[in-house]
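Dear colleague,

I am handing over the structure below, and after it I set out what was found when going through it. Please keep it open beside the text as you read.

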Amino acid sequence: MCGIVGIVAQGPVAQDLYDGLTVLQHRGQDAAGIMTIDDGNFHLRKANGLVKDVFHTRHMKRLNGNTGIAHCRYPTAGSSSSAEAQPFYVNSPYGIAFAHNGNLTNAHELADEVFKLARRHINTTSDSEILLNIFAHEVQACEGMVVTPEEIFKAVTNVHKKIRGAYAVVASIIGNGMVAFRDPNGIRPLALGKRENEHGTEYMVASESVALDAVGFTFMRDVLPGEAVYITDAGELFTQQCSSNAVHSPCVFEFVYFARPDSFIDGISVYASRVNMGTKLGEKIAREWADKDIDVVIPIPETSMDVALQIANTLDLPYRQGFVKNRYIGRTFIMPGQKQRKKSVRRKLNAIKSEFKDKNVLLVDDSIVRGTTSEQIIEMARESGAKKVYFASAAPEIRFPNVYGIDMPSPNELIAYGREIEQISELIQADGLIFQDIDDLVDAVKLENPEVARFETSVFDGQYITGDVDQDYLDLINNARSDHAKKSAGKKGGLNNIDMHNIDQE
């Protein structure tokens, strides 16, 4: 999962890009990058690390220009070397900077096509670089020094025909403008906003609406599935649907875990959807666990807090904060390597013992992926004096890998893979375990926007909406995403950081 931002303004954009990335930091903590355009030159800074650590004053002073794009990432496969940090860049045609959130399911065959047909070299293992070169090859067909909106939309239309998977993209074409587009299923989110000032209208795209709020842009709407947005350097906005088979199918896991609660995605309040999840799960607990002697409901911060509060309200039980979170520890879901995840949990959370002592507690989390975190948190609750520890997940059992840009690991690393609920409960050492039903999860989110055709739910049901995912592909990503594979890839190393000015290393 990644966060992307793009701005076309009437004044310097570096600070707004930085602020937008900071707000989207939850979407990726592995690396960050900003590229701006000024006087016909690209200015780039990208490196591994958090936004606040990648950009210092000396870097920000070099990022001149009134238009630019930005990206924060974590890797779904392979190396986390900052050689794969974005934005990426190609110098032909025109000069294109590019950032991508998602994952292509036909990346390997596209890599061959890029080389054999377009004679373009791919320098990393990132499918984002492949997508950039596919897009650049289509833009190559533009005839003049200034591209027209019609030519841009034709290029994006051809991109849609060639690639499969999930993608929300923002790109800057030097001397022309900024392009943003979304895959025909709308799996990954993309919001469009504008800001009026004395100099004119400025435009911004971002992965979540909260990034628009943070820098004073007004949310206009979501970019539609299959749609392309083109904003010229002069500030003219053009949009067009570029797919003949667009079907709105956003990723439901955005609402379960990834997105911030103050974001709106595809007309859906993330916060409201989580409250609805709490209502649905609370009603299920009331039906199926009437015999459970629960004393208190305690969330595992922070994503599950809204869900847990609504569960407590539904069950008419006390709600308490039983854990204090260290906000300076990264999200354990994103951290590569099981050993590192295990070490991080107790540094990340500390129990308030008085809220557990001599109580039967219901712990609520947004989901259970590997089960490592859940097991350790239950152990912490018992050490703090809990008599019984029940566990509720706001999401259904995660039994299948994600192929659309979320780092759901190989199947064998998913605790629910090939196991029944009783077996999972025993492994995490809970006195009882309950999961949200998939129909209830979908209903909880869809309640906020009934017009959404369907949701991407493959991690729960194994139904991949792009229709091109078979066992061979799942075996391929299994080999790439396992902890062993990531550890091996990390040993290969890469550039420690990239700090470019006019695309020349300083």
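Phe455 is buried, since its relative accessible area is 4% and buried means under 20%; please bear in mind throughout that this is a predicted model. Phe255 is likewise buried, with a relative accessible area of 0%.

A search of the whole structure gives 14 aromatic pairs. In the pair formed by Phe255 and Phe455, the ring centres are 6.2 Å apart and the planes stand at 90°, so this pair counts as edge-to-face. Because Phe255 belongs to helix H8 (residues 253–258), while Phe455 sits in the loop between helix H14 (438–446) and helix H15 (458–461), the pair ties together parts that are 200 residues apart in sequence. There is also an aromatic cluster, which is made up of Tyr74, Phe253, Tyr257, Phe258 and Phe460.

Asp366 itself is found in the loop between strand S19 (360–365) and helix H12 (372–383), and it is buried, with a relative accessible area of 7%.

As for H12, its 12 residues should span 16 Å at 1.5 Å a residue, and the C-alpha atoms at its ends are 17 Å apart, which agrees. Within H12, the buried residues include Thr372, Ser374, Gln376, Ile377, Ile378, Met380 and Ala381. After H12 comes Gly385, which has a positive phi, near 105°.

Methods: Residues numbered from 1 in each chain as written. Predicted model: local features only at pLDDT ≥ 70, side-chain atom pairs only at ≥ 80, totals over all residues. Heavy atoms only, no water. Phe/Tyr/Trp six-rings, centres within 6.5 Å; stacked < 30°, edge-to-face > 60°. Helix = DSSP H or I, 4+ residues; strand = E, 2+ residues; numbered from the N terminus. Buried < 20%, exposed > 50% of the residue type's maximum accessible area, 1.4 Å probe, protein only. Expected span 1.5 Å × (residues − 1).
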